[in-house]
Structure formats: C-alpha cells, structure tokens
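Here is a briefing on one protein model and its ligand. Please read it with the structure open.

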Amino acid sequence: MFLAAPRRTGKSTFLVHDLLPELAARRAVPVYVDLWSQKSGDPGALINEAVRKALDKQGKGVLGRIRGAGVTKAGLGSWLSFDLEKLGVPGGATLAEGLSALIRKGGGPVVVVVDEAQQALKSEAGRDAMFALKSARDTINLDPALTAGRPAALGLVFTGSHRDKLASLVTGRDQPFFGSRVRDFPLLGRDYTEAYGRHINGLLPPDRRIDLAEIEEAFDIVGRRPQYLHAAVTRYATGDLGGDREFGSLLDLARDERETHWDSYRRQWSSLDPLQQAVLRRIIAEGDRFRPFDADSLAAYASVAGGQVAARDVQQALDGLREQELVVRLERGRYSLEDPSITDWLASETASSDGGTEQEAPIP
Ligand SMILES: Nc1ncnc2c1ncn2[C@@H]1O[C@H](COP(=O)(O)OP(=O)(O)OP(=O)(O)O)[C@@H](O)[C@H]1O
Ligand SMILES: [Mg+2]
C-alpha cells in the first residue's frame, strides 16, 4: 500500500502511535523504518537494519524461552541459519530469507512500514532494498507454509510526503512496484478538531472558549497541520501575550501561523531570477504534463521574460532550481516540485496580488 500526504500532516505520528500498536494487537510483527531518520544514512542500509533489529528482538525472545527451558548453551543468533550481520548484503542472507525467518519465529504476519519511502530512490542500495522487498512479498505470499491460510504473510506499507516521487516506485515498468497505486493518506478530520477543541475548552475560562466550528476552519487554513493549529490556539488562549500585533480571532492567528510556514517559500522565491520563476510557475501549472522545452512552455516563459528564451537558458534555470532544492528531476527527464506545498503558497500569493501592485502574471 502506498500512501501520500503533504508535510507535517501527521503521517509519522499516525504510523508510530496508531498503526504499529494496532498491528501488534492483531499479532502481526511490525517493522518500522523512517528513511528520513538519518538523511545522510543509506536508505538500503536503514531498511536492512530495521529487519535485522526485528530479528534480533525476536531472537532475544527465542533465547529467553530456550533459557527458560533450562538450555543455557544457545547463543544469540544461533536460532537463525544465517549470519544476522550480513542480512541484505551481497553474500549474506536476502531480505526475503530474513523476513521468512521473522514470520516463522513470530508465528504471525510481518508488516514492513517504510516512512518517506521515496527516499529509497536516492541510492542504488535503496533501490535494491525496494526490489528485495518486492521479491520477498512475492515469494513469501506464495508460500502456503508461511501464509498458513491467511491472505498474506508479508504486508508492505510505504508512505511519503512526495506523491510524484512515491509514484516513481509504481509507474515505470522497470520499477519494483509497477502496477500499484498511490493513494491519499487521509488527513486528520473533524473528529480530531472536535476532540482537540473539547480538550482545550475544558482548560479555558468560559469567556475564552472557542467555537468548535472555528477550530475546524482554522485547521483548514493551516493545511490540516496540527502543529500550527496548536500554536494558533495557544496564542489565542494566552491572549497572544507579547505579540506586537493585534489579532481579532483564532482564524487570524491561524493565517499568521500559515504565513510563518510560508515565509521560507517567500524568501526562496525572491532569490530566483525571472526565468527561474517562470519555469517554476510552469511546473506548478502543468504538473504531470510539464514539458520544459515544448513550444507552449517556451512561449509561456517568453511572455514573462518579454522575449525569446533559448532552451539552453531554460536548462540553466532548471539546474538552478534543482540546486536550490525547489525542483527534482524524476525518471525519464520528468521534473516535479521538491515540496508540493509551495503550490498553495504561490496560488495564495498570486490571488492576493491580483489587481495589487505585484507585476507577476497569475498562474494560467
Ligand atoms: N493526531 C495528532 N494529534 C496531535 N498532534 C499531532 C497528531 N498527529 C501529528 N501531530 C503533530 O503534528 C506534527 C507533525 O506530525 P508528524 O511528524 O507525524 O507529521 P509528518 O506528516 O510525518 O511530517 P513530515 O512530513 O515532516 O515527516 C508533530 O508536531 C506532531 O506532534
Ligand atoms: Mg514524517
């Protein structure tokens, strides 16, 4: 299963606090790995390490049982027929073998949850690990000894904050999960704002209680990101002490929090040259259909730049945008936004400058 949702909307929190305990309660062994946990670490190594740790933990349980039965000679790892240290590396056991051992020893299905899975594409070893997981899924789920009458013995959940990059794992025929589909990770709903609102109102003096519908609306303003809602509500509850501006309502505070979130986009945007801005607008407007050098695109850049634009200059602009980590190059020369949230900011910026003083053309 592939699930995508924007940054800071509570994906990891849901996985760690809701999904993993639920899996354990259903007697499955969860293996969780966040590929952003060490940005410099190799994603392939992180995935192998997570499986290794789960096996190690399972091994301790096995060891405990052996000791309990009065056998003392058994050493950790001896319950495995392979060297745990070499799992997933050439010459060692494969991930499929490791996961099969985990299923056999755990007695239940194993679910591997990879958070920010798109990060795996960053290295060859990461890509290999994805192929290894895919191959493990196929061999394990076809093995009746492992599935033991269940629909599957190995489940894979991949989440990410970058839909296009995540989709790279499923769209190409040469990609490991070709044929799967990326779905929307559900955002926190009204039940969340209502529970949170009731909790907060319980702490507030009666004259400062907040209408639940207003909390819901404020949550929408901050793109359903709990952190910014909490900040706005806290400022509201404390009367925004020390603030240098007056805020009339929770909604104004939510808008102010959103501005903070957007400030980094604003700074980056103003550091771009006009052609880079034009190219970025075009990427946002066209999405999947974006072709950097087709006639329509060149015409669009020219209308902003006020004259003919050479393909060479476009390439340079694209390279600059990639260096600034605003744009990412996907497979087969496709380009996409590094952080899709910039779309909301630019749309709002464009709307507010319509008829205003800014010269920029609205997004077509
Ligand atoms: N159900 C929730 N209730 C309260 N706070 C939450 C909830 N879910 C997430 N949060 C808060 O929202 C913030 C973002 O959560 P989290 O890191 O899980 O999001 P994410 O989508 O994984 O973000 P990122 O894209 O940065 O990885 C955190 O401060 C977290 O504590
Ligand atoms: Mg996360």
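This is a predicted model: local features need pLDDT of at least 70, side-chain atom pairs count only at pLDDT 80 or more; totals for chains, interfaces and linings use all residues.

**Ligand shell**

The shell around ligand 1 is formed by Arg7, Arg8, Thr9, Gly10, Lys11, Ser12, Thr13, Ser161, Leu188, Pro226 and Gln227. A residue counts as near a molecule if its C-beta atom, placed from the backbone, lies within 6 Å of it. Residues are numbered from 1 along each chain as its sequence is written, while chains are lettered from A and ligands numbered from 1 in the order in which they are written.

- α1 gives the largest share of the shell around ligand 1, three residues.
- By class, the shell around ligand 1 holds two nonpolar, six polar and three charged residues. Ala, Val, Leu, Ile, Met, Phe, Trp, Tyr, Cys and Pro count as nonpolar, Asp, Glu, Lys and Arg as charged, and the others, Gly among them, as polar.

**Overall make-up**

- The protein has 14 helices and seven strands. Helices (H or I, at least four residues) and strands (E, at least two) are DSSP runs, numbered from the N terminus.
- Of the 364 residues in the protein, 32% are buried. Buried means that 20 or more other C-beta atoms lie within 10 Å of the residue's own; exposed means 12 or fewer, and partly exposed is in between, with C-beta atoms placed from the backbone.
- Among contacts with a separation of 6 or more, 62% link residues 24 or more positions apart. Two residues are in contact if their C-beta atoms, placed from the backbone, lie within 7 Å.

**Helix α9 against α10**

- α9 packs on helix α10 (residues 250-270) at an angle of about 135°, and the axes are 9 Å apart. Axes are lines fitted to C-alpha atoms, for helices over the stretch in contact, and angles run from 0 to 180 degrees between N-to-C directions.
- The two helices, α9 and α10, are therefore oblique to each other. Angles under 35 degrees count as roughly parallel, over 145 as roughly antiparallel, 65 to 115 as roughly perpendicular and the rest as oblique.
- α9 crosses α10 in a right-handed sense. A crossing is right-handed if the near helix is turned clockwise from the far one by less than a right angle, and left-handed if anticlockwise.
- From α9, Tyr228, Leu229, Ala231, Ala232, Val233, Arg235 and Tyr236 make the contact; from α10, Leu250, Leu253, Ala254, Glu257, Arg258 and His261 do.
- The contact of α9 with α10 has nine nonpolar residues, one polar and three charged.

**Helix α8 against α10**

- Helix α8 (residues 212-221) meets α10 at an angle of about 15°, with axes 9 Å apart.
- α8 and α10 are therefore roughly parallel. Their crossing is right-handed.
- Glu214, Glu217, Ala218 and Ile221 of α8 touch Leu250, Leu251, Ala254, Arg255 and Arg258 of α10.
- Five nonpolar, no polar and four charged residues make up the contact of α8 with α10.

**Helix α7 against α8**

- Helix α7 (residues 190-203) packs on α8 at about 125°, and the axes are 9 Å apart.
- α7 and α8 are therefore oblique to each other. Their crossing is right-handed.
- Arg190, Thr193, Glu194, Tyr196 and Gly197 of α7 contact Leu212, Ile215, Glu216 and Phe219 of α8.
- This contact of α7 with α8 contains four nonpolar, two polar and three charged residues.

- Arginine 8 has a positive phi, near 60°, and is not a glycine. Arginine 8 sits in the loop between β1 (2-4) and α1. It counts as partly exposed because it has 17 C-beta neighbours inside 10 Å.
- Arginine 27 also has a positive phi, about 65°, without being a glycine. Arginine 27 lies in the loop between α1 and β2 (29-34). It counts as exposed because it has 10 C-beta neighbours inside 10 Å.

**Proline 176**

- Proline 176 lies in the loop between α6 (163-171) and β5 (182-184).
- Proline 176 is partly exposed, with 19 other C-beta atoms within 10 Å.
- Beyond its neighbours within four places in sequence, proline 176 contacts Met130, Phe131, Lys134 and Leu169.
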